[in-house]
Amino acid sequence: MTTEAVTHPTYGNWRRPRRPGLGPLGLVGTFGVFGGLVLTLLASLISLYAAMIVFTPIALFLVPLAIRTQDGRNVYQLIALRIGWRRRRARGAHLYVSGPLSARPGGRFRPPGLLNKVTATEGRDAYDRPFGVLHHPNRNLYTIVLGCDPDGGSLVDPDQVDVWVALWGEWLARLAHEPGLRGASVIVETAPDPGTRLAHEVLPRIRPDAPAAARAVMEEVVERYPTASSEMHTYVSLTYGVPANQKRKKEDVITDLAIRIPGLLSGLVAAGGGAAYPLSSERIAEVVRVAYDPAVAPDVLDARAQHGGTGLEWADAGPAAAVETVGSYQHDSGVSRTWLMTLAPRGTVRSSVLRGMLEAAPGTRRKRVALVYRPIDPATSARIVEADRRSAQFMATSGRGMVQARAASEMRAAEQTAAEEASGAGLVEFSLMLTVTVDTMEQLADASVTVRNLTAASRVLMRPADRMQAAAFSCTLPAGILPWEQTLIPHELQEAL
């Protein structure tokens with residue numbers, strides 16, 4: 001180990017899950033190839049003309065499966081995405097209106113899309129702190145949201161950062177042993193500071209008999225300081241499921257979650273999360289309300305500072321109107337665009353690789369970066385790492401030149417992953433989403449350039465979530481939306497395709 005490696009620790013060793021099957025064909029294409037060869041050979045026993053008749057449609061079916069984009073989609077998936085978008089537009093599903101002017105009874109401003117059926121309940125943990133529980137009735141999932149104030153990496157020794165990373169890895173590994181946990185997400189939200197908290201702290205403390213010059217200085221500080229500062233919030237949402245063969249009451253599930261919260265919070269604090277606490281249902285509703293209508297953020301902060309809360313309910317946290325287009329999502333006072341990660345940083349990275357992406361971006365109203373985790377149980381993890389190790393060994397011994405060099409590097413990474421998993425490390429699948437909200441459509445082009453620069457500096461490849469902006473926007477909220485739980489196609493078949 002070199003002196004530089006000791007002074008500046010590096011991280012990485014993540015690998016994209018391998019698709020089963022031959023090359024880009026996937027599992028369905030592989031079965032199609034072998035089945036087509038068998039049918040073609042049987043047809044050739046009749047005549048060469050019959051073999052050509054059988055082979056031609058099979059080849060036409062397999063060629064679109066072999067053509068894949070940079071993010072791994074084949075032609076059929078691209079066609080299905082466009083057909084689904086056209087069907088949603090034909091039904092008017094890309095438009096949303098709530099409140100008294102909507103066609104739905106009740107006149108409330110429920111969140112749209114994937115959050116429309118979600119209900120909120122509140123419980124008390126072991127320390128009698130309120131925490132909100134979001135119930136997703138379609139999948140019978142329950143979500144709790146934890147808030148934390150990370151210490152940050154400024155003026156922190158590299159050894160301390162390395163300890164935090166190790167403890168964060170232990171916390172993620174622990175999630176694989178959480179009974180019923182389906183997934184977790186970490187959302188870092190940044191926005192310009194409206195100055196409401198500073199005004200409430202400074203202005204009431206100015207004495208009436210203070211010198212005019214001193215009063216002018218303090219009032220100028222309150223007025224100008226927010227223009228150069230930003231606020232940052234970190235949320236951790238954990239989504240639990242109930243097995244299909246079990247029937248549990250909602251009260252029993254909430255009691256079970258209340259017992260787990262203190263242990264989860266202590267793990268976050270040890271991993272550098274700073275002060276960690278559960279979010280009440282009112283606080284969760286406020287976060288979602290501000291995400292859909294950024295203009296009300298100062299009012300929410302003002303009500304919280306003066307009255308201790310807003311009294312907002314989950315049923316009123318949504319927008320009054322929303323319009324989804326191919327590349328944007330318009331909602332109340334904001335216009336948003338979401339990007340999805342297609343490739344994580346290759347090779348080793350420093351601990352500050354995502355710092356630029358997480359910090360506030362100039363020219364944006366709000367920005368959220370969501371890391372979505374899917375814990376894998378230990379038994380499945382062992383099978384995955386062994387399969388990856390055997391596959392990497394085969395590629396390393398069958399290639400030549402630069403291909404063999406890259407395969408040898410993958411083999412070393414696979415061997416290290418297998419050794420770490422055998423020693424007790426956890427295995428998780430992860431992805432990254434980024435949502436930027438601006439005031440008008442004209443500002444969206446400049447925001448896209450800003451995001452492109454941020455992702456390039458972080459060595460992350462991302463693409464816009466075109467034709468699914470509304471769903472991607474919901475996934476970056478601390479509301480427990482897990483993408484793999486919101487599809488009609490089973491996850492295993494999705495990987496095969």
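This tour moves through the structure one selection at a time and states what is found at each stop.

The model is predicted, so local features need pLDDT of at least 70 and side-chain atom pairs count only at pLDDT 80 or more, while totals for chains, interfaces and linings use all residues. Residues are numbered from 1 along each chain as its sequence is written, and side-chain values use heavy atoms, with hydrogens and water left out.

**Stop 1: the annotated spans**

Select residues 21–42, 48–67 and 257–279, which an unreviewed UniProt entry lists as "transmembrane region". UniProt positions are given here in the numbering of this model, feature names are shortened, and annotations may be inferred rather than shown by experiment. Residues 48–67 are 95% helix and 0% strand, with end C-alpha atoms 28 Å apart. Residues 257–279 are 74% helix and 17% strand, and their end C-alpha atoms lie 13 Å apart. Helices (H or I, at least four residues) and strands (E, at least two) are DSSP runs, numbered from the N terminus.

**Stop 2**

Next, select strand 4, residues 141–149, where eight of the nine residues are buried. Buried means under 20% relative accessible area, exposed over 50%, and partly exposed in between, with a 1.4 Å probe and protein chains only. Two strands pair if DSSP finds at least two bridges between them.

Which strands pair with strand 4? Strand 3 (residues 130–136) runs antiparallel to strand 4 and is joined to it by four bridges. Val-133 stands opposite Ile-144 there. The hairpin of these two strands has four residues between them, and Asn-140 in it takes a positive phi near 55°. Strand 6 (residues 230–241) is also antiparallel to strand 4, with eight bridges; Tyr-235 is the bridge partner of Gly-147. Strand 7 makes four bridges with strand 4, again antiparallel, and Ala-275 of strand 7 stands opposite Asp-149.

**Stop 2: the second largest pocket**

On a 1 Å grid over the protein atoms alone, a pocket is an open set of points with protein on both sides within 12 Å along at least five of seven lines, a cavity is a set where a 1.4 Å probe fits but cannot get out, and lining residues have an atom within 4 Å of a point. Grid points are joined across faces, edges and corners, and a volume is the space filled by probe spheres set on the points. Strand 7 (275–278), helix 9 (281–292) and helix 10 (297–307) each supply at least two lining residues.

**Stop 3: the cavities**

How many cavities of 30 Å³ or more does a search of the whole structure find? There are two. The largest cavity holds about 130 Å³ of space, and of its 13 lining residues the closest to its centre are His-233, Arg-283, Val-290, Arg-304 and Arg-366. Strand 6, helix 9 and helix 10 each supply at least two residues of this lining. The second largest cavity holds about 60 Å³; its lining residues include Leu-114, His-136 and Gln-486.

**Stop 4: Ser-448**

Finally, select Ser-448 in helix 14 (residues 442–457). Is Ser-448 buried or exposed? Ser-448 counts as buried because its relative accessibility is 10%. Leaving aside residues up to four places away in sequence, Ser-448 touches Arg-337 and Trp-339, where contact means heavy atoms within 4.5 Å.
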